[in-house]
Amino acid sequence: MALIVQKYGGTSVGSVDRIQAVTQRVIKTVQAGNSVVVVVSAMGKTTDGLVKLAHEISSNPSRREMDMLLSTGEQVTIALLSMALQEAGQPAVSLTGAQVGIITETAHTRARILNIETDRLQHHLHQGEVVVVAGFQGISNAEILEITTLGRGGSDTSAVALAAALKADFCEIYTDVPGILTADPRLVEDAQLMSEITCDEMLELASLGAKVLHPRAVEIARNYGIPLVVRSSWTDDPGTWVTAPTPQPRPLEGLEIARPVDAVEFDTDQAKVALLRVPDRPGVAARLFGEIATQSLDVDLIIQSIHEGNSNDIAFTVVKNSLNRAEAVANAIIPSLTAGHPLSLEKAPEVLIEQKIAKVTIAGAGMIGRPGIAAQMFSSLAEAGVNIQMISTSEVKVSCVIEQADCDQAIATLCQSFDIHQSSVRIGQESQPSTLKLQTAVRGVALDLKQAQVAVRYVPDRPGMAARIFQLLAQHNISVDMIIQSQRCRVVEGVMTRDIAFTVAQIDGESARTVLEKASSELGCGEIVVDGAIAKVSIVGSDMVGQPGIAARMFDALYQHKINIQMIATSEIKVSCVVAEDQGITALRAIHAAFDLAGSQKIQVSA
């Protein structure tokens, strides 16, 4: 007998007919010999309706009262589904988050789960009952008894957390699409269903706006090794399995606030190539990395910061024994990049090489939605006197390129700062070319149209500056996504400076500007520039390592549609580009087609 947790979203329980269909699916699962816990969302658009009512009463309703209001939506669903199960002859009981014992922080409307008491759940399961649990909600503690909600995607989070607490065999997420697709089917009609995807890949896609699974739910699955499957509640199709690695044992206490960083990694077999002042126009990145791919050179980090005038900088890292070939390619391609674009001698492009570098990285699924983690890394390095040359980020990793001589100090400092007792190393391991086809290595393409780009000009180039900037943002609860530090140094009033650019949620763009402008004299930086009309398009795939042509193909797809790349950031399993907002959907479709991700049949999305 297996213990299964099933979650049904709002559309899956949006009417009496849909609740009856869910009832039959649950009964079928029980009749197969399984114990079942069902987690449900509010019916259809109930939550939206409650939010609208609240704003008709108050222009700024309190977070506490919003939790009291919104938690009622799921209570309606659990009662109706339990009635339907009982009417069909299946013993069932409905429980709110508080009745279950889902203990959370006191942070209203965005609480994280601290612990789940399982005694009452186990009692009902042993009685042969289906337990129907209200998703999206919990209670702060047994003394205060404050009802809390978990924020957007909270029912996903409730379901996977319950699966972890109960040590369930797996967790099924039922929704209105057949599983995880290679792109948003509302934007890319020929998006293809994936049979399986890793938790790390899903974390990247979920954080990039793929709404089928919430990142917090995937984080819990990854941390506790819970197999997930995403299926349509309209069919019996197998859906998509989200596979988790075998995790290190961890306590259930502090379930969602456990250590956000799992590992400190480093790589001393890295060299940096930077092309400064290349023309800022479509096709430059495509030409450069296309040539690099023809030499079978595997690139690790790639960054392109914001432009200055009509030029930009591109930097990348390779393993050291590939440096000579990478440098030769960079020098050979400059004349063709600048052809027809005359520049003065002082602005002529140049190639800079740095051999004595190392890459240090913090990794962990718990970094998602926690604004202070990158700031903590930068602060720790600054306190150790370690200057940062390059920064590149993903949803689950932050990587910094530093002087090789500082590597040991950086590792010790980061391990102490994040309470990590061992570090991971890749030294002298040149990637071997993969036998996978390029389109196989890329699993999915995602588009985020809700970001803003913020640039801090002329930041003094000394340890601690990045730390101070991102500490300020974290103090104001502003989460940062991409972070890029420019390669070009400029002397401003006798001080060496660099630009730092990053992306935030669009609604936080002006807040970030205000925070940084107030601190600009203290920071000693120049102007703060915000661009809210951007889009971020990304490719994700855990098999991209050892595939030299991946980034080049993505950049070329954008060039073929005359789309200029404003920023580039990479990790081992993701390449992200910032483009103009009005070109975002075109970029998504172009990249999806470039990697042959289209399926033979169109995916239908239920209304």
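**Exercise 1.** In what order do the 8 strands of the open sheet stand?

*Solution.* A word on the model first: it is predicted, with local features needing pLDDT of at least 70 and side-chain atom pairs pLDDT 80 or more, while totals for chains, interfaces and linings use all residues. Residues are numbered from 1 along each chain as its sequence is written, and side-chain values use heavy atoms, leaving out hydrogens and water.

Step 1: the order reads S3-S6-S2-S1-S9-S11-S12-S10, with mixed pairing. Strands here are DSSP E runs of at least two residues, helices H or I runs of at least four, numbered from the N terminus; two strands pair if DSSP finds at least two bridges between them.

Step 2: S3 (92-95) and S10 (196-198) are the edges; each has a single partner strand, so one side of each lacks a neighbour in the sheet.

Step 3: from one strand to the next, the twist averages 20°.

**Exercise 2.** Describe how H6 and H8 pack.

*Solution.* Step 1: the axes of H6 (residues 154-166) and H8 (residues 215-224) lie 8 Å apart, at an angle of about 15°. Axes are lines fitted to C-alpha atoms, for helices over the stretch in contact, and angles run from 0 to 180 degrees between N-to-C directions.

Step 2: that makes H6 roughly parallel to H8, a label for angles under 35 degrees.

Step 3: contact (heavy atoms within 4.5 Å) involves Asp156, Thr157, Val160, Ala161 and Ala164 of H6, and Arg216, Ala217, Ile220, Ala221 and Tyr224 of H8.

Note on methods
Angles under 35 degrees count as roughly parallel, over 145 as roughly antiparallel, 65 to 115 as roughly perpendicular and the rest as oblique.
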